[in-house]
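Look at the fold below.

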Amino acid sequence: GAPTCAHMQLSQHVGDKHSNLLRIVQAKLSSVFCLEPEGDWPTREGIVQDFLLGCVPVLFSRSQYTLMWTTTWPKKERNRTS
């Protein structure tokens, strides 16, 4: 079938944290791309989870890219990907 985009409404109840995490992991495992908008801080746990679960993170802010990857990729490579 055609590719789809899923939006998840997570529970705000503290006791549902494990259930929320399980739903997130399942969604990332079955996804090719995972949208990772900047939150309270540009670097977020979800970006690392994406890589570990085989999902390509889609970043929306240059600050996300700059803070997370400037120490990982050589400057020459960063210039080719930005």
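**A charged pair and its network**

In this predicted model, the side chains of Lys28 and Asp50 meet in a salt bridge, with 2.5 Å from N to O. Lys28 lies in helix 1 and Asp50 in helix 2, so the pair ties together parts that are 22 residues apart in sequence. A salt bridge here is a side-chain nitrogen of Lys or Arg within 4 Å of a carboxyl oxygen of Asp or Glu. Side chains of opposite charge can pair when their charged atoms come close.

Lys28 also has a salt bridge to the side chain of Glu36, at 2.9 Å from N to O. Searching the whole structure turns up two salt bridges.

Are Lys28 and Glu36 buried or exposed? Both are buried. Buried means under 20% relative accessible area, exposed means over 50%, and partly exposed is in between (1.4 Å probe, protein chains only).

| Residue | Relative accessible area | Class |
|---|---|---|
| Lys28 | 8% | buried |
| Asp50 | 0% | buried |
| Asn20 | 11% | buried |
| Ile24 | 22% | partly exposed |
| Val56 | 42% | partly exposed |

**How the model is read**

Residues are numbered from 1 along each chain as its sequence is written. The model is predicted, so local features need pLDDT of at least 70 and side-chain atom pairs count only at pLDDT 80 or more, while totals for chains, interfaces and linings use all residues; side-chain values use heavy atoms, with hydrogens and water left out.

**The overall layout**

The protein has four helices and two strands. From the N terminus on, the elements run α-β-α-β-α-α. Helices (H or I, at least four residues) and strands (E, at least two) are DSSP runs, numbered from the N terminus. Of the 82 residues in the protein, 21% are buried.

Helix 1 holds Ile24. It also holds Asn20. Ile24 and Gly46 are 22 residues apart in sequence, and their C-alpha atoms are 9.2 Å apart in space. For Asn20 and Gln9, the separation is eleven residues in sequence and 9.1 Å in space, C-alpha to C-alpha.

**The largest pocket**

The largest pocket has a volume of about 1,200 Å³. A pocket is an open set of points on a 1 Å grid over the protein atoms alone, where a 1.4 Å probe fits, with protein on both sides within 12 Å along at least five of seven lines. Lining residues have an atom within 4 Å of a point. The volume is the space filled by probe spheres set on the points.

Which residues lie nearest the centre of the largest pocket? They are Met8, Leu10, Ile24, Lys28 and Leu35, out of 29 lining residues. Helix 1 (17-29), strand 1 (33-36) and helix 2 (45-53) each supply at least two residues of the lining. Helix 1 gives the most, with seven residues. By class, the lining has twelve nonpolar, twelve polar and five charged residues. Ala, Val, Leu, Ile, Met, Phe, Trp, Tyr, Cys and Pro count as nonpolar, Asp, Glu, Lys and Arg as charged, and the others, Gly among them, as polar.

**A patch on the surface**

Val32, Phe33 and Val56 form a nonpolar patch on the surface, with about 300 Å² of accessible area together. Such a patch joins nonpolar side chains (Val, Leu, Ile, Met, Phe, Trp, Tyr) within 5 Å, from residues with over 30% relative accessible area and no salt bridge. Areas come from the Shrake-Rupley method with a 1.4 Å probe. Val56 has its place in strand 2 (residues 56-59).

Definitions and conventions: Patches are made of residues with over 30% relative accessible area and no salt bridge: like charges are joined within 9 Å, nonpolar side chains (Val, Leu, Ile, Met, Phe, Trp, Tyr) within 5 Å.
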